[in-house]
Amino acid sequence: MKLAIIGTGYVGLTTGTCFAEVGHHVICVDNNVSKVEALKKGKMPIYEPELEELILSNVSAGRLHFTTDLNEAVAKSDIIFIAVPTPPHEDGSVDLSYIEAVSQEIAQALKPEFGYRIIVDKSTVPVSTGGKVSQVIERYAQGAVDVDVVSNPEFLREGSAVKDLMHPDRVVIGADSQRAMDMMKRVYQPFDAPIVEVDLASAELIKHAANSFLALKISYINAVSAVCEKAGADVNLVAKGIGMDKRISAHFLNAGLGYGGSCFPKDVKGFIHIADQLGAPLNLLKEVETINAHQMTHFLDRVREKLWVLRNKKIAVWGIAFKQNTDDVRESVAVKMIKALCDEGAEVSAYDPKAMETGAAALEGYPVRFCPDLYSCAQDAEVIIVATEWKEFAMADFQRLRKLVRLPIIFDGRNLLNPDNVLYAGFEYHSVGRRSLYPETAEGLA
Ligand SMILES: NC(=O)c1ccc[n+]([C@@H]2O[C@H](COP(=O)([O-])OP(=O)(O)OC[C@H]3O[C@@H](n4cnc5c(N)ncnc54)[C@H](O)[C@@H]3O)[C@@H](O)[C@H]2O)c1
């Protein structure tokens with residue numbers, strides 16, 4: 001099928017590429033000229049595992065194209081996906097100005113002689129946005145165009161986006177027209193994934209409800225971790241014990257510094273706002289946000305308690321990205337932590353396997369020493385903080401690190417490290433709700 005994707009970011013680029021991979025003809029549109037130019041030259045604007053090889057092979061197969069020309073893409077495509085940002089406003093409501101702008105552009109590009117077109121909202125939007133997109137199309141199209149608006153929310157996770165798109169748990173299609181639903185099913189037919197066929201409003205709500213539920217799960221285990229800390233229990237063991245219950249599942253039960261990234265914080269906020277507006281408040285999600293914010297402040301309190309005063313202390317932060325396997329630092333807890341440490345006068349060094357460039361941009365103006373590897377980052381450190389769950393950190397040579405640091409103290413904000421390795425090398429190990437292993441076990445191991 002002939003598809004256009006408007007917005008070539010984390011979602012648009014990976015979705016477009018995977019559509020091309022299964023045989024569709026895809027035109028990816030972006031209004032960022034340098035991004036499109038780079039893509040045309042085979043340069044990747046983001047880091048996402050497996051993506052580069054897929055883009056290059058589909059471009060050379062002639063199935064994947066990049067352009068800034070939305071008119072051309074609309075003229076040549078049967079289905080037009082919108083994958084532009086939907087950031088939060090100050091009050092938590094969703095900023096739909098990108099969606100509105102693209103809808104207008106699509107409307108102006110449509111011509112009655114093109115025949116039937118489907119416009120798909122792939123961005124995460126509040127319920128009832130589809131209706132508003134239809135209205136914009138009707139208002140701004142030149143002549144009577146034959147269009148249906150569909151919702152097809154995206155569930156990919158950065159860091160495993162290609163795998164998630166090629167093998168989705170499910171595909172949600174929300175359409176109020178059978179013709180649109182049938183065509184959308186043909187788009188996804190090569191993926192061999194279960195399709196959830198629903199109305200437009202339900203599809204829009206599914207995305208917000210799903211992300212909010214995942215955030216809720218994270219905040220739940222984080223709240224439990226605080227109880228574990230007080231009770232001398234181990235949150236990892238508690239999570240294992242409850243996660244083996246199929247009704248609960250083991251996913252998203254990792255205690256840590258809380259959720260970040262470009263989706264969960266804004267989607268929880270957005271859902272709270274929508275529910276308030278509809279008169280069905282989701283106070284439960286307000287507590288989810290409170291717990292999430294508390295995770296980092298409580299963690300920093302513990303670091304402060306250990307070092308007494310943070311001013312002039314050398315603190316090595318491992319990880320800048322909001323999670324492993326990505327260079328995305330949007331709403332990253334690691335970035336927030338580095339800023340808080342700098343504000344308190346600490347001397348911060350930082351290292352991330354993939355997010356050095358994006359991290360430096362996000363931390364512009366902060367006196368951070370960016371380091372080429374985790375060892376130089378730890379040089380003379382009085383504390384090492386693990387802020388992102390990169391596997392590389394778990395595999396570090398702690399014996400070597402012990403010789404580099406000034407004080408052997410590790411605060412593992414992601415419960416990532418194997419305490420035995422760390423303690424055996426002579427470090428103090430502090431985590432988020434894991435059973436206290438210092439000093440008794442350290443002595444035992446030594
Ligand atoms: N990132 C994720 O993991 C993820 C997962 C699921 C859903 N989503 C949702 O998908 C949407 C896009 O997210 P993203 O992370 O890909 O954003 P992004 O910022 O990475 O990419 C958006 C792209 O849209 C382009 N753009 C903006 N206005 C445009 C216009 N008028 N014409 C053409 N291009 C335009 C930008 O230049 C950018 O390249 C959001 O609603 C987000 O909530 C994101």
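1. Ile82 of strand E4 has Asp121 as its bridge partner in strand E5, and the two strands, E4 and E5 (residues 117–121), pair in the parallel sense over four bridges. Here two strands count as paired if DSSP finds at least two bridges between them, while helices (H or I, at least four residues) and strands (E, at least two) are DSSP runs numbered from the N terminus. This is a predicted model, in which local features need pLDDT of at least 70 and side-chain atom pairs count only at pLDDT 80 or more, whereas totals for chains, interfaces and linings use all residues. Residues are numbered from 1 along each chain as its sequence is written.

2. E4 also pairs with strand E1 (residues 2–6), to which four bridges join it in a parallel arrangement, and within that pairing Ile5 stands opposite Phe81. Both faces of E4 (residues 79–82) are covered, since Ile79 and Phe81 on one side and Ile80 and Ile82 on the other are all buried; a residue is called buried if 20 or more other C-beta atoms lie within 10 Å of its own, exposed if 12 or fewer, and partly exposed in between, with C-beta atoms placed from the backbone. In a regular strand the side chains alternate between the two faces of the sheet.

3. An open sheet of six strands, with parallel pairing, runs in the order E11-E10-E9-E12-E13-E14. Strand E11 (369–370) and strand E14 (428–430) stand at its edges with a single partner strand each, so one side of each is left without a neighbour in the sheet. Strand E9 (residues 314–318) and strand E12 (residues 383–386) pair in the parallel sense over four bridges, and Ile315 has Val383 in E12 as its bridge partner.

4. Which residues touch the most other members of the largest nonpolar core? They are Val317, Trp318, Ile338 and Ile385, out of 74 residues, where a nonpolar core is a set of buried Ala, Val, Leu, Ile, Met, Phe, Trp, Tyr and Cys residues joined through C-beta atoms within 7 Å. Apart from this core lies another of 55 residues, among them Phe19, Ala20, Val94 and Val120. Leaving aside neighbours within four places in sequence, Val317 is in contact (C-beta atoms, placed from the backbone, within 7 Å) with Ala334, Met337, Ile338, Val348, Ala350, Ile385 and Ala387.

5. Around the ligand there are 26 residues, of which Gly7, Gly9, Val11, Ser123 and Thr124 come nearest; a residue is taken as near if its C-beta atom, placed from the backbone, lies within 6 Å of the molecule. Helix H1 (10–21) and helix H5 (97–109) are the elements that give two or more residues to this shell. By type, the shell divides into 12 nonpolar, 10 polar and four charged residues, with Ala, Val, Leu, Ile, Met, Phe, Trp, Tyr, Cys and Pro counted as nonpolar, Asp, Glu, Lys and Arg as charged, and the others, Gly among them, as polar.

6. Leu156, in the loop between strand E6 (147–151) and helix H7 (161–166), counts as partly exposed because it has 19 C-beta neighbours inside 10 Å. Not counting residues up to four places away in sequence, Leu156 touches Val11, Thr14, Ala161, Asp164 and Leu165. Leu156 and Thr15 are 141 residues apart in sequence, yet their C-alpha atoms are 9.0 Å apart in space.

7. The 15 residues of helix H11 (residues 264–278) should span 21 Å at 1.5 Å a residue, and the end C-alpha atoms are 21 Å apart, which agrees; the expected span is 1.5 Å times one less than the number of residues. The buried residues of H11 include Phe264, Val268, Phe271 and Ile274, and what covers the buried residues of this helix includes helix H9 (200–231) and helix H12 (283–307). Just after H11, Gly279 takes a positive phi of about 80°.

8. Two residues deserve a check of their backbone angles. Ser249, in the loop between helix H10 (235–243) and H11, has a phi near 75°, a positive value in a residue other than glycine, and Ser249 counts as exposed with 12 C-beta neighbours inside 10 Å. Asn312, in the loop between H12 and E9, has a positive phi of about 65° although it is not a glycine, and Asn312 is exposed, with 10 other C-beta atoms within 10 Å.

Note on methods: Contact = placed C-beta atoms within 7 Å.
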